[in-house]
Amino acid sequence: MKVAVAKYPIQAPADFTAFAERLARLLGEAATQGAQLAVLPEYLSLELAAIFDADIRGDLHASLAATQALHADWMNLFARLAGELRLHVVAGSFLLATGEGRYRNRSYWFAPEGTHGWQDKLQLTGFEKATGVIEAGDALKVFDVEDVRAGIAVCYDSEFPLPVRAQYEAGARLLVVPSCTDTEAGATRVQVGCLARALENRFFVAQAVTAGIAEWSPALDVNTGEAALFAPMDRGFPADGVLARTTGAQAWAVADLDFDALETSRGQAQVANDRDWAGQGIPALQRARREPFR
């Protein structure tokens, strides 16, 4: 499967039509490069706050409320583009109202056939908790995509091994990570999380990122990091685990993910973290004891 992950520069669209036209061009570029799956970054829906007046786009709570009116257009847009381009599209994330002034950070996966699924973000960052209105999801999912089973870990979720391990044990061999980070430390944490999850589970990880500066937005103000595709650091794959990574103004990192080779490599692995995972669970390792020197 050829997968493209976006380094998406945040802009300020004049209206939804301008947003839609830009996404059509961008996803068209990925399709032209032969991608079967294109991954966009977390918080993509917040770019739409730019179409509202300054008092709305400059206030996160007002932006969240205002963008709800665009949710149906969002769903129609990505369903249409997935169908027209014959492309699976992970449309970053949409902050979706759940009632009583609460929102979930929801990542939608659109299939070319007109169907879709979603994964809500499970672990909230300090920023999200501080908003007082964003809540965590309560379900962990995997999806069948062509002949591949895949899961989504929204940004911070990629830093937690156990839910991702559950997705692996449910058959996932690809983890998709829409992300948005505003510091180099944050970008590094998510990248390290992606590399660690690829190592532990011996599967592929595809990370998309936001880029650039959006002074008009309290949530998308500064954006850092590079989009990348990761593999296990073992025989048959790059020693650093990086299959492809964006640089500079490059919009897409693209790589062919060979899932047959991935499965074959398990029998020739230098290490087998995925198979040896259960060794952590023996009773003697569940609690460390203080041992005095003798």
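1. At what angle do helix α1 and helix α4 pack, and how far apart are their axes? Helix α1 (residues 16-32) and helix α4 (residues 71-85) pack at an angle of about 25°, and their axes are 11 Å apart. Here axes are lines fitted to C-alpha atoms, for helices over the stretch in contact, and angles run from 0 to 180 degrees between N-to-C directions. Helices (H or I, at least four residues) and strands (E, at least two) are DSSP runs, numbered from the N terminus.

2. A word on the model before going on. This is a predicted model, in which local features need pLDDT of at least 70 and side-chain atom pairs count only at pLDDT 80 or more, while totals for chains, interfaces and linings use all residues. Residues are numbered from 1 along each chain as its sequence is written, and side-chain values use heavy atoms, with hydrogens and water left out.

3. Back to the pair from point 1: α1 and α4 are roughly parallel to each other (angles under 35 degrees count as roughly parallel, over 145 as roughly antiparallel, 65 to 115 as roughly perpendicular and the rest as oblique). α1 passes α4 in a right-handed crossing, a term used if the near helix is turned clockwise from the far one by less than a right angle, with anticlockwise being left-handed.

4. Now look at the side chains between them. From α1 come F16, F19, A20, L23, A24, L27, G28 and A31, and they meet D73, W74, L77, F78, L81 and L85 of α4; contact means heavy atoms within 4.5 Å. This contact of α1 with α4 divides into 12 nonpolar residues, 1 polar and 1 charged. Ala, Val, Leu, Ile, Met, Phe, Trp, Tyr, Cys and Pro count as nonpolar, Asp, Glu, Lys and Arg as charged, and the others, Gly among them, as polar.

5. The axes of α6 (residues 161-169) and α7 come within 11 Å and cross at roughly 45°, so α6 and α7 are oblique to each other. α6 passes α7 in a right-handed crossing. On the α6 side the contact is made by P161, V164, R165 and Y168, and on the α7 side by R197, E200 and N201. By class, that contact has 3 nonpolar, 1 polar and 3 charged residues.

6. α7 (184-201) turns up again at the largest pocket, which has a volume of about 330 Å³. Of the 18 residues lining this pocket, T125, F127, C180, T181 and D182 lie nearest its centre. α7 gives the most to the lining, with 3 residues, and α5 (126-131) supplies at least two. The lining has 8 nonpolar, 3 polar and 7 charged residues. On a 1 Å grid over the protein atoms alone, a pocket is an open set of points with protein on both sides within 12 Å along at least five of seven lines, a cavity is a set where a 1.4 Å probe fits but cannot get out, and lining residues have an atom within 4 Å of a point. Grid points are joined across faces, edges and corners, and a volume is the space filled by probe spheres set on the points.

7. Finally, the structure holds 2 cavities of 30 Å³ or more. The largest cavity, of about 50 Å³, has α6 as the source of the largest share of its lining, 3 residues. Its lining includes L140, I152 and V164, and by class has 6 nonpolar, 2 polar and 2 charged residues. The second largest cavity holds about 30 Å³ of space and is lined by L199, R202, P232, M233, D234, V271 and N273.
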